[in-house]
Amino acid sequence: MQKETTTVNKVLLTKKPDHSPRLLGAPDAAHAPRGLVGNTPVLWIGEPLADAGRGFWAKLEGCNPGGMKDRPALHMVRRARERGDLRPGARVIESTSGTLGLGLALAGMVYQHPVTVVTDPGLEPIVAKMLAAYGAQVDLVSEPHPSGGWQQARRDRVTQLLAQEPDAWCPDQYSNPDNVDGYESLALELIEQLGTVDVLVCAVGTGGHSAGVARVLRSFNPAMKLIGVDTVASTIFGQPAGPRLMRGLGSSIFPANVDYAAFDEVHWVAPAESVWAARTLASTHHATGGWSVGAVALVAGWVARVGDAGTRIAAVFPDGPHRYFDTIYNDTYCAEHGLLDAAPPVEPDTIAHPGDRVVQRWTRCAEVPSPLSWTVGELAS
């Protein structure tokens with residue numbers, strides 16, 4: 001027996017390791033920063049977000065250098081250069097709550113354009129410092145717009161800066177179709193990774209990735225269901241706008257890129273519910289993120305619980321947790337805002353029309369009309 005063991009050990013020690021990339025599945029070597037964007041992993045998310053034996057696939061876009069919006073930032077800048085809208089060396093100026101700013105800082109580095117990011121006091125300090133480290137200028141508005149909130153105040157400031165620098169260019173992520181087209185790669189990666197998608201769950205802010213990803217996925221599966229996830233106090237799907245704690249999803253304006261006809265259902269989620277889901281993800285799956293990630297995971301887990309067995313659900317996680325160390329993952333901050341007192345959310349309320357009433361907690365609606373087509377009497381009050 002001893003002789004046989006020795007022989008086996010010799011074989012193991014002398015066998016040459018196989019470094020074939022096909023077997024290891026290692027990513028390609030990147031010769032430039034743009035090569036780091038894309039090819040993000042998917043992770044199976046099960047209990048306790050979903051029931052035993054059920055779950056959904058999370059697309060971990062936080063594995064991009066700056067998050068999901070690295071994709072459209074690079075695409076919008078490249079396309080503007082190709083059309084001649086953005087001249088060599090001209091400044092890029094855009095309004096953002098953070099993630100697109102990081103993507104534009106990367107695009108500015110790749111294509112050699114100075115970048116000015118217009119934001120507001122809600123921007124996390126770590127993001128502001130990283131934007132500056134990446135070479136972007138951070139322009140901070142001090143007061144919200146009376147009706148359009150911080151978003152409109154930022155857009156008004158962008159208009160002022162563009163007037164001061166005639167050669168500058170604004171991507172206008174809210175209405176630029178290149179923002180939508182920039183997510184084609186994400187959708188194609190999902191097809192390669194999952195084969196097909198029956199239900200797609202997306203946070204909605206500018207409307208870019210829900211429209212862009214769904215359009216491509218439906219070219220493979222026309223019956224795919226699209227579920228949008230918004231925050232309470234957001235006006236995108238017809239609720240009245242109000243002060244919002246959550247950033248990255250929701251809006252005080254109506255972005256033109258939101259494809260209302262593409263949605264089968266919309267859910268509104270409250271901050272405490274998103275915090276619970278984000279923290280639960282961290283403690284059970286290690287992969288987590290910010291407000292959008294928590295809200296999307298909550299809804300996707302519910303879809304997995306109530307849907308037919310075998311339904312293939314994909315949820316886009318737009319970023320990772322790091323910029324939220326002083327908010328979602330800070331007990332003091334969460335306690336000050338009453339985010340730790342709520343019981344774990346189990347299921348949403350249901351309304352028949354987005355204008356039925358003002359929602360305060362997790363609520364779903366299977367009718368998704370464009371609020372721009374409503375009459376005054378249909379608006380929630």
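Trainee: Where is Gly-35 found?
Mentor: Gly-35 sits in the loop that runs between α2 and β1. Please bear in mind that this is a predicted model.

Trainee: Which loop holds Asp-172, and what is its phi?
Mentor: Asp-172 is in the loop between α6 (149-164) and α7 (177-181). Its phi is near 50°, again a positive value in a residue other than glycine. Asp-172 is partly exposed, at a relative accessible area of 23%.

Trainee: Which residues does the cis peptide bond at Pro-48 join?
Mentor: The cis bond joins Glu-47 and Pro-48, with omega at about 0°. Pro-48 is located in the loop between β1 and β2.

Trainee: Turning to aromatics, how many pairs does a search of the whole structure find?
Mentor: The search finds 4 aromatic pairs. One of them is formed by Trp-44 and Trp-57, which are edge-to-face, at 5.2 Å centre to centre and with 65° between the planes.

Trainee: Where do those two tryptophans, Trp-44 and Trp-57, lie?
Mentor: Trp-44 is in strand β1 (residues 42-45) and Trp-57 is in strand β2 (residues 56-60); the two are 13 residues apart. Trp-44 counts as partly exposed at 38% relative accessibility, and Trp-57 counts as partly exposed at 28%.

Trainee: What about Phe-56 and Phe-317, how are their rings arranged?
Mentor: Their ring centres are 6.3 Å apart and their planes stand at 65°, so this pair is edge-to-face. The pair ties together parts 261 residues apart in sequence, because Phe-56 belongs to strand β2 and Phe-317 to strand β9 (residues 313-317).

Trainee: Are Phe-56 and Phe-317 buried or exposed?
Mentor: Both Phe-56 and Phe-317 are buried.

Trainee: Which residues form the aromatic cluster?
Mentor: Phe-237, Tyr-260 and Phe-263 form one aromatic cluster.

Trainee: Let me change topic to Arg-81. Where is Arg-81 found?
Mentor: Arg-81 is part of helix α3 (residues 70-83). With a relative accessible area of 34%, Arg-81 is partly exposed.

Trainee: What does Arg-81 touch, not counting residues up to four places away in sequence?
Mentor: On that basis Arg-81 touches Leu-86, Pro-88, Tyr-111 and His-113. Gln-160 is 79 residues from Arg-81 in sequence, and their C-alpha atoms are 22 Å apart in space.

Trainee: And Ala-352, in which loop does that residue lie?
Mentor: Ala-352 lies in the loop between β10 (349-351) and β11 (363-365). Ala-352 is exposed, with 55% relative accessible area. Leaving aside neighbours within four places in sequence, Ala-352 is in contact with Cys-365 and Glu-367. The C-alpha atoms of Ala-352 and Thr-288 are separated by 32 Å, the two residues being 64 residues apart along the chain.

Trainee: Now for the whole protein: how many helices and strands are there?
Mentor: The protein has 12 helices and 11 strands. Its radius of gyration is 22 Å, close to the 21 Å that the globule rule gives for 381 residues, so the protein is as compact as a globular protein of that length. Along the principal axes, the C-alpha trace spans about 85 × 50 × 45 Å.

Trainee: What percentage of the residues count as buried?
Mentor: Of the 381 residues, 53% count as buried. The protein exposes about 17,500 Å², of which carbon and sulfur atoms supply 54%.

Trainee: How far apart are the mean positions of the positive and negative charges?
Mentor: The mean positions of the 32 positive and 40 negative charges are 8 Å apart.

Methods: Residues numbered from 1 in each chain as written. Predicted model: local features only at pLDDT ≥ 70, side-chain atom pairs only at ≥ 80, totals over all residues. Heavy atoms only, no water. Helix = DSSP H or I, 4+ residues; strand = E, 2+ residues; numbered from the N terminus. Rg over C-alpha atoms; globule rule 2.2 N^0.38 Å. Buried < 20%, exposed > 50% of the residue type's maximum accessible area, 1.4 Å probe, protein only. Areas by Shrake-Rupley, 256 points an atom, 1.4 Å probe, with all protein chains shown as cover. Lys, Arg positive; Asp, Glu negative; His and termini not counted. Charge placed at Lys NZ, Arg CZ, Asp CG, Glu CD. Phe/Tyr/Trp six-rings, centres within 6.5 Å; stacked < 30°, edge-to-face > 60°. Contact = heavy atoms within 4.5 Å.
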